[in-house]
Amino acid sequence: MSEPSLLRTLRDAAAATALDVLPIALVLMVFQLLVLGQRPPNLRRILAGFVCVLVGLTLFLVGLERALFPLGQAMARQLAAPRLLGVAPEAATWQDYGWVYAFAGAIGFSTAIAEPSLIAVALKAQEISGGALRALGLRVAVALGVALGTLRIVTGTPLPYFILGGYLVVVVQTMYAPRAIIPLAYDSGGVSTSTVTVPVVAALGVGLASVIPGRSPLLDGFGMIALACLFPIIAVMGYATLAEWLGRRHADKGSKGESR
Amino acid sequence: VRLFRDALRDLTPILLVIAFFQGVVLRQPFPDLERVLGGLVLVVVGMALFVKGLESGLFPLGESMAHAFARKGSLAALLAFAFCLGFGTTVAEPALIAVAGEAARIARDGGAIGAEQAGGYALRLRLTVAASVGVALVLGVLRILKGWSLPGLIVGGYVLVLALTSFAPRTIIGVAYDSGGVTTSTITVPLVTALGVGLASVIRGRSPLLDGFGLIAFASLTPILFVLIFGIVSLGGR
């Protein structure tokens with residue numbers, strides 16, 4: 001595979017990126033000038049900011065093509081290789097892909113560790129429960145979501161079953177969870193999908209689906225991100241409900257006899 | 001410096017995991033190592049610059065405008081702004097660009113679309129998602145103004161998703177579900193949250209905590225719906 005030089009790639013990417021950023025720049029400018037009828041404050045800083053966005057997005061996209069996609073695909077290929085499975089791919093059942101699940105879980109877990117908004121949710125839940133619950137459970141949930149996504153690709157179970165089941169759980173939980181946590185919970189679905197994680201996970205899924213016999217990337221390659229979004233919602237709400245329950249029990253014990 | 005650290009913080013855990021599996025489990029050299037390392041440097045520098053640019057340019061502007069519109073704009077202007085904001089931010093979302101490109105490549109390799117259509121497919125996919133986020137914001141703003149219940153709308157939305165899933169071509173389903181998560185990353189979330197919280201704090205009787213955040217929940221629901229419809233229209237129903 002011959003490859004265009006880095007400079008040329010960068011130039012092409014820069015042109016494409018300019019088009020990507022144009023709409024939001026236009027939107028902000030037009031509304032600022034025409035509808036609000038004000039000149040934007042510190043124009044120079046804003047323009048400098050746009051230049052940074054352009055350059056940054058360009059570099060990121062080129063790096064994505066060169067590093068993040070190949071990383072995800074190479075890992076998928078090597079983890080599902082017969083050498084590691086110990087059996088011929090055609091004969092392998094879903095139990096043989098243990099390392100794939102371990103890897104996917106580890107990716108999910110490691111992303112969740114670094115995520116500030118998850119930490120905030122965990123602290124809040126810890127507070128409500130009077131220290132009975134810790135943040136670990138939440139991270140495990142995100143990891144489980146990603147690992148389950150790979151399991152689905154290996155077994156070939158249709159994605160809608162997983163999603164349907166997951167959202168049924170969410171709906172039931174929404175009725176019982178403390179109200180203040182619900183928006184936070186729905187939002188936390190997005191946290192497991194940082195800009196760096198998404199390409200790696202997407203490439204991992206597509207790579208797995210193309211390596212494992214009987215799976216097609218077209219049908220089975222996608223869906224891991226969706227599951228990684230679903231599980232934190234379930235985890236946060238379950239977590240908060242449990243935290244509240246524990247906290248109430250704790251409080252009941254503390255104020256024994258007082259009617260409240 | 002802080003931004004480089006943040007970008008590294010996003011990347012390091014993943015790299016550690018990959019390095020661990022390479023070294024301990026697989027014990028084989030990584031293919032094309034130099035190129036990948038070079039690419040990683042680009043990713044880190046790119047992310048840092050990108051976020052820096054957002055923080056110094058886009059976010060302050062977007063936030064002040066969101067507040068200004070929430071306070072005095074007419075309803076039509078506010079809704080138009082909400083739509084354009086959602087559309088514009090989503091088109092520039094790096095994670096979406098990545099996934100749309102991958103989806104188009106797979107669709108081409110799998111023969112679902114012709115080779116020469118791949119570029120246009122990725123672009124149309126992105127525009128579809130962008131429009132859906134725009135619609136999500138319009139709906140979300142209306143919801144905050146009228147005080148509709150969030151869980152009711154969300155549950156209704158997912159019922160629709162499930163209904164559409166049974167018509168949609170199987171090849172689009174995974175991509176559709178994924179695009180719900182993709183839209184809620186770097187650019188969209190801060191601007192959209194600013195709009196929601198600004199609105200909720202201006203209107204009497206709305207709590208920023210409860211009403212402000214619901215916008216994101218919409219923004220991750222409508223892309224699924226729109227991409228499913230996109231699949232039915234462009235690839236044909238089942």
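Since it's predicted, local features need pLDDT of at least 70 and side-chain atom pairs count only at pLDDT 80 or more, while totals for chains, interfaces and linings use all residues; side-chain values use heavy atoms, with hydrogens and water left out. Residues are numbered from 1 along each chain as its sequence is written, and chains are lettered from A in the order in which they are written.

- Skipping residues up to four places away in sequence, B:Leu228 touches B:Val161, B:Leu164, B:Thr165, B:Ala168, B:Ile172, B:Ile173 and B:Ala176 (contact means heavy atoms within 4.5 Å).

**Covered spots in chain B**
- Helix H7 of chain B (residues 170-182) has 12 of its 13 residues buried, where buried means under 20% relative accessible area, exposed over 50% and partly exposed in between (1.4 Å probe, protein chains only).
- Among the buried residues of H7(B) are B:Ile172, B:Ile173 and B:Ala176, which also turn up in the contact list of B:Leu228.
- B:Thr90 sits in helix H3 of chain B (residues 75-91) and is buried, at 0% relative accessibility.
- Beyond its neighbours within four places in sequence, B:Thr90 is in contact with B:Leu96, B:Val129, B:Ala130, B:Val133, B:Thr183 and B:Thr188.

**Salt bridge**
- Over all chains the count is 1 salt bridge, taken as a side-chain nitrogen of Lys or Arg within 4 Å of a carboxyl oxygen of Asp or Glu.
- That bridge pairs B:Arg105 with B:Glu102, at 3.5 Å from N to O.
- The two partners are about one helical turn apart, because they lie 3 residues apart in helix H4 of chain B (residues 94-109).
- B:Arg105 is partly exposed at 28%, whereas B:Glu102 is buried at 2%.

**Surface patch in chain A**
- A:Leu19, A:Leu22, A:Leu26, A:Val30, A:Leu33 and A:Leu34 make a nonpolar surface patch of about 590 Å² (residues with over 30% relative accessible area and no salt bridge, nonpolar side chains being joined within 5 Å; areas by Shrake-Rupley with a 1.4 Å probe).
- One of these, A:Leu33, is in helix H1 of chain A (residues 6-35) and is partly exposed, with a relative accessible area of 45%.

How values were computed
Patch = residues over 30% accessible without salt bridge, like charges linked within 9 Å, V, L, I, M, F, W, Y side chains within 5 Å. Helix = DSSP H or I, 4+ residues; strand = E, 2+ residues; numbered from the N terminus.
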